[in-house]
Amino acid sequence: MDNGSNLRSILDARALVATCVQDALERGNSTMRAEHYTSVEGAFTVVHDEAGRVLAVVDAVLPAESPFDEVPRDRLRNVAARLDAPFFLLTNFRRVVTYRTAAVTERKPDEEQIVGWQQGGDVQSLDDLRVAATSVNVTTALKHALAWLTIEVSLDAAHHVRDAAAFFAERITSLFDDMVACTDGGTQQRDAALRLGTSILAYVLVQLRTSDTLDRLAIPYGTRSADLMLDLVGAFFRQARRRGFAMLPSRVDDVQVLARREPLFRMTLADLVHFLHRFDPERLSDTDLHRAVDNVLQRCARAQRTSVPTIDAIDLALRAARYVRDAQPQHLRMLEIGPTQGLASVRQILMSGLHACDARVYAPTADDERAVVLRSSGRLDSASDVRVLRDTKRTEAPWDLVVATTTDVHDRHRLRVLLERMDIAEQGVVVLFMPLSALHDDEYAGMRHVLTSRFDIEWAIVSDAEALAEPDSGVCCVIARHRTEERRQSLARFVYLRRPIAAFFPTSRASRDLEQARLKTLDQFVAYLDASERGKLNDEAVVRMVDQTTLQQRSSWEDDLVPPDIIASILTKTGAAMRPLRAYADVTGGIRTGANEVFAPNSHEVATDDLEMQYWQRTLDNGNMQDNLLLTSYDDIDTMCGLPHTDRRLLLLPRDRATMAGTNVLTRLERAERDGIHLRASVRHRDVWWHLAEPPVPHIVIHKHQSDRWVVGRNTAHAFITDAFIGVTLHDESLADAIAVWMNSTLGLFLSQLGRLEDHVLDITVRDGQEFPIPSPEILAALDLKRHSQLIRRPIRSLAAELGAQSADTVRQETVSRDRRKLDAWLMTDVFGLTDEEQRWVYRFAMTWWSRPSNVRHLTNALASVLERTHKLKPLKIWYQPQIDQLPTENRRTLTIPSDVTSADVDGTMFGWRVTCTKGGRRDETIDCGSSEEAELVALFITMGKLRIDVPTDQPIIAELLPRVRTFCEQLEHALDELTRYVPDDLRPVLRQHVLRAMAS
């Protein structure tokens, strides 16, 4: 571009920014005013405050230039200083950067010079500003920048934010975003652009540590070609690789820059290199630099959808691991494996002292090694820093601490082999960050077996209000200690955090001056979690103490991490307003034609055979003619209240064959009889095999097998249904739409799953339909159908798509589709008053029970917890079993009872007293007892479902324990009557049996 055209472009840019400033003041209803100012340097826009004082000077550069460039910045600073303006704004229309005039004059650090920057429009040239949306974005950015100045003026200099680490991270991530925006945005180009950016950052950090080995990365001023700039950067990387820095990529020319964005890419790449050297990262402390680089890597991980544990989660795990150790070794040998790539090692070094840890990070690839360099702030292979380990087969000595992270289910076998074969020191600790599904999924059963056979589980930590990883992938933390024969097995602590991390200890974002106080508070929090062997259940956390033997015997550890009061609270809040669907409607199955190919032709068959209309149409009560539509497939319904997509017609034929003489329908029947269809067992039971009684027309239909989505359809087409569906015929048809919407809501699905009796949740039975919980008519009447019309009419997608998560581990309110969330929020919050935590569990359970039903088990745990904490009924293992265990062996006896005994009766004979066990209606076996008191005690235990009964043989002890056991049983029965009143009638006996057995175990 020649000087003349360049000058005209600058003049156009200044004119455009003047217009945008004026629009910003008008749209923001600001009391400021803008005026035109001309000087030797050119024409500028000056903004005055309400009192008429000069507040800021605004100038623009071309979109291909950087608003952080020192040359236009200093030129505008001269004008602002001459006008005594405390601020000046420089923009390239992509970003609006606000500077402090005095700080720039005094050449203070960048974070003190810059007030902040706002994102403008996607501007490639000045012509792009003619687009309305782009100009609005630029105007909005200027409006926010000018509005912030009024706040900035009111602050004292001491209150200005000077967080150099945050500024460093934000500037780099914004440049990385621009680099990605210069490509096509695909996965490969996104990763290539981020690899280029992180490699430049790694090179600069390494060069600062080894300035005598590596040349300073530089791009000549005025380089126009993007390819040439990439070649220059690649040459620096190749030189570094020849000198032993293999973590840098061998090539960077795989970044394919879009032609129209080459000017932006040149500006961004030059700005990145210039900023890194001008900022000088060495002036940050190790903690601050690590925090800044970690913020950059976390942003890159989010862009690449890679989940990495947060610093707070890692710190909590490392302090908890230190808390459970008997003695901290003087020189800790540490191994780290997984996508954290040095993060845990650096945190351990920063928290324990530089010479207290020999940290090795397994980094098999160059990308992994580069991440280690970044995590360690450029320090590598130093005696006091992080070292790269490229082969784990041979180790010098056992590891004292192993931190392994995996968020991919496909890594479970490697994790199992790691736990099985890793050389761990005698008191070594393993810290695992894994998916929550690792605690309960059958695919991780082998890993859990190896973990419990070789280690003692010390901690299992999950967080509800705040994720332990970013982005949230449903991560838990398991801390295990290498088991030794001479040590007593300790109790495992299963911790469920109900509040954000900041509610317990200062987060990693706190000032570095608070680091020691933060670690002290963190240690106090770990001690608080371990304060009682009885565990905790409060508003802050749930802590369960579980025996190691119990963990070895259990196939799933999920129950120990689900708060027991959650389901009980949801059931209490919703149960009083619920009625079974059978109170509103008749719920029945559909018809069985026995030969759908005969009785259910599609429209093509109707037309081809020219079937008579009177056999596949009927007259409605209002006189309209209606096709005998027939629903046969799950795909026939995809919306709540839309028309079903069926092409089938049901043939309703008369009993008298003579009335069909000469019709095409009779020809169809005769053809079917020639094929032998009338000999099928499915139609032979009828007197006249072709005659079907006219079936009822349900108002709502439910498919029995919901494959991957949950949808209940409103039968607006008055269609018939086959036995693949369940029909709901309401007593009051006016409630049909409201009931259909409720049954499709997530809360309705959850409450239905909560009361399920069958093990296979995908197979809906007529019983499930009859017991489907429906709110009171008042709640149904308050449901605003117009407000949720979009959800009602649109196709329902799979449950994973509706909830916005592939697993129950990651589903939250924020991930749910917007229109569904609007309905759920009204029901859960406004109607039933569920808390945010309870709502999260509604979504999790709805998705979990979809394919892995465990509602009875969780209901049992919830009711058992309520019995213990609210009704003060302690399980027998707490007060009865200890008294038996202290008796000598000869003064007690143990009885083993079959699991299928349904009742026990006490009766006396001429030889003494006995207990007769009954299985169903058959007397099975008898148990001889020494007295009526002993017989009654045994019968009470059998009635509670206890399979292993320990009873004393001394009559005085029996006489002392019997009244307590009798009172316990009476109170337990009375409390269960109250707690199970909202449970379906046929589920209640099963649930009572499970709760009784849990209290008697």
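A crossing of two helices is called left-handed if the near helix is turned anticlockwise from the far one by less than a right angle, and right-handed if clockwise. The legends below concern a predicted model, in which local features need pLDDT of at least 70 and side-chain atom pairs count only at pLDDT 80 or more, whereas totals for chains, interfaces and linings use all residues. Residues are numbered from 1 along each chain as its sequence is written, and side-chain values use heavy atoms, with hydrogens and water left out.

**View 1. The contact of helix H6 with helix H10.** Helices (H or I, at least four residues) and strands (E, at least two) are DSSP runs, numbered from the N terminus. H6 (residues 164–181) passes H10 (residues 286–303) in a right-handed crossing, and their axes, which are lines fitted to C-alpha atoms over the stretch in contact, come within 8 Å and cross at roughly 25 degrees. Angles run from 0 to 180 degrees between N-to-C directions; those under 35 degrees count as roughly parallel, over 145 as roughly antiparallel, 65 to 115 as roughly perpendicular and the rest as oblique, and H6 and H10 are therefore roughly parallel to each other. With contact meaning heavy atoms within 4.5 Å, the residues that H6 brings to H10 include Phe168, Ile172 and Phe176, and those they meet in H10 include Leu289, Val293 and Val296. By class, the contact of H6 with H10 divides into 10 nonpolar, 2 polar and 5 charged residues, where Ala, Val, Leu, Ile, Met, Phe, Trp, Tyr, Cys and Pro count as nonpolar, Asp, Glu, Lys and Arg as charged, and the others, Gly among them, as polar.

**View 2. The packing of helix H25 against helix H31.** H25 (residues 746–754) and H31 (residues 836–851) have axes 9 Å apart and pack at an angle of about 55 degrees, which makes H25 oblique to H31. The crossing of this pair, H25 and H31, is left-handed. Thr746, Leu747, Leu749, Phe750, Gln753 and Leu754 of H25 meet Val842, Tyr843, Phe845, Ala846, Trp849 and Trp850 of H31, so that the contact of H25 with H31 has 10 nonpolar, 2 polar and no charged residues.

**View 3. Helix H24 and its buried residues.** A residue is buried when its relative accessible area is under 20%, exposed when over 50%, and partly exposed in between (1.4 Å probe, protein chains only). In H24 (residues 736–744), 8 of the 9 residues are buried, so the helix is largely enclosed by the rest of the structure; among the buried residues are Ile739, Val741, Trp742 and Met743. In the protein as a whole, 55% of the 1001 residues count as buried.

View 4. E17 runs antiparallel to E18 (residues 541–546), to which 2 bridges join it, and Leu537 stands opposite Val542 in E18.

**View 5. Ala480 and its surroundings.** Ala480 lies in strand E15 and, at 1% relative accessibility, counts as buried. When residues up to four places away in sequence are not counted, the residues that Ala480 touches include Val429, Leu451, Phe455 and Ile457. Ala480 and Ala321 are 159 residues apart in sequence, yet 8.2 Å apart in space, C-alpha to C-alpha.

**View 6. The hairpin of strands E31 and E32.** Strands E31 (residues 912–919) and E32 (residues 922–929) run antiparallel and are joined by 7 bridges, with Thr916 opposite Thr926 in E32. The two strands, E31 and E32, form a hairpin with 2 residues between them, and Gly920 in the turn has a positive phi of about 65 degrees.

View 7. Most residues other than glycine have a negative phi, and most peptide bonds are trans. A cis peptide bond, with omega about -10 degrees, joins Glu470 and Pro471, and Pro471 is in the loop between strand E14 (469–470) and E15. Asp610, in the loop between helix H20 (603–609) and helix H21 (613–616), has a positive phi near 55 degrees and is exposed, with a relative accessible area of 52%. Lys872, in the loop between helix H32 (855–869) and helix H33 (876–879), has a positive phi of about 60 degrees and counts as exposed at 60% relative accessibility.

Note on methods:
Pairing = 2+ DSSP bridges.
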